[in-house]
Amino acid sequence: MPATDGYRDVASTDDSTHIEASPGVVVTREIGGQGFRIDEATRRGLLQWMQTALLSAHHFDDLSGRIEIVEGFLEPIEGFALYWLARNWRAPGRVVEIGSFKGRSTCWLAAACKERGDGKVTAIDHFRGSPEHGAGGSHADPDIAAEGSTLPVFCRNLQGVELLDFVEVRVGSCEEVSRSWREPIRLLFLDADHDGDAVARQVAAWAPFLGRHALVAFHDVQVWPGVTEVYTRLRDDTTHWRELAQIKSLGVLEVIADGPGPGSA
Ligand SMILES: C[S@@+](CC[C@H](N)C(=O)[O-])C[C@H]1O[C@@H](n2cnc3c(N)ncnc32)[C@H](O)[C@@H]1O
C-alpha cells in the first residue's frame, strides 16, 4: 500500500492486525487484507468510548446484582436507564417516583441520588397496591393480602441495600401529595395505577412542577393499554413533548415548552 501524506502504512499478514500508534501519527490497520485507516484523534475517542462502555457495564453488573433481589416489576436495563437519567440529566429539580411498591425502582433512583451527591428520591405511594395487586387480581400480592401494605417490606428492602438514607418516603395517594408539593422536578417516574384515566390524572397533577427539559418516564408502555394510550398522546403532541428514549417498556418524554400545560390531559 503506498504511503500517503499524514498516514503511516503498516504491513500485515492475512489475519494479523498491526497497529503502530504514536502521538500525531495516523494508524493504518489491516484485517484480512482489508485495510482501513484511523486517525489518532478517532483512535483516542474510540478507546475512551470503550473505556466508558466497560466501566458502565461493570457498574450495571454491580448495581443490578444488588437490586435484583428486591421484588418488583422493573427490568434491569430499564432500571439502569432510570438510574442514568436521574444521575446525569442536567435540569434543575428533584427526582420523584410515583408507585414504589417494594422498592425495586426506588433503589435505582436512590443509587443515582447517592452518587450524584445532591438529595434524595421522593418515593410516593399509599402502599396499598394497585387494583391488580388485590385478591383475585392479575398480580395478587401476598404482602398486601397479609398486611394490607408493602411499606414494611419496602423499608426493609431499601435498608438491605443501604439506600434508605437516599429516599424520602411520602405515604399517600399521588394526587393528595401533589397538592402540597412546591418544588420543581427534573425526573418524574410514573409507575402507579395503570388505568388510562388514572395515568392522565397523575400527569395533570404533576405537570405544574415540570419545567422545560424536565423528564417524565413511564413504565409499562406497550404493556398496559392505559399507559400506552396516554404516553402515545403526549408523545404525539410535539409542541410540548419530545420522546427521548424508549427502553423496553420504559418510555421517556422531555418537556420542550415553557409554561404550564405539558401534561394537560
Ligand atoms: C406496579 S407497582 C410499582 C412497581 C415499582 N415501581 C417497582 O419497581 O417494582 C404500582 C404501585 O403504585 C401504587 N399506587 C397505585 N395507585 C396509586 C396512587 N393513586 N397514588 C400512589 N400510589 C399508587 C401501588 O400501591 C403500587 O405499590
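1. The residues of the shell around the ligand divide into eight nonpolar, nine polar and five charged, where Ala, Val, Leu, Ile, Met, Phe, Trp, Tyr, Cys and Pro count as nonpolar, Asp, Glu, Lys and Arg as charged, and the others, Gly among them, as polar. Of these 22 residues, Gly72, Gly99, Phe101, Ser105 and Ala192 come nearest to the ligand (a residue is near a molecule if its C-beta atom, placed from the backbone, lies within 6 Å of it).

2. This is a predicted model, in which local features need pLDDT of at least 70 and side-chain atom pairs count only at pLDDT 80 or more, while totals for chains, interfaces and linings use all residues. Residues are numbered from 1 along each chain as its sequence is written.

3. Helix 1 (residues 40-67) and helix 2 (residues 76-88) pack at an angle of about 115°, with their axes 10 Å apart; helices are DSSP runs of H or I with at least four residues, strands are runs of E with at least two, and both are numbered from the N terminus. The axes are lines fitted to C-alpha atoms over the stretch in contact, and angles run from 0 to 180 degrees between N-to-C directions.

4. In helix 1, Phe60, Leu63, Ser64 and Ile67 meet Pro76, Gly79, Phe80 and Tyr83 of helix 2, contact being C-beta atoms, placed from the backbone, within 7 Å. The residues of this contact divide into six nonpolar, two polar and no charged.

5. His213, in the loop between helix 7 (196-206) and strand 8 (215-218), has a positive phi near 80° although it is not glycine. His213 counts as partly exposed because it has 15 C-beta neighbours inside 10 Å (20 or more would be buried, 12 or fewer exposed).

Terms used. Two residues are in contact if their C-beta atoms, placed from the backbone, lie within 7 Å.
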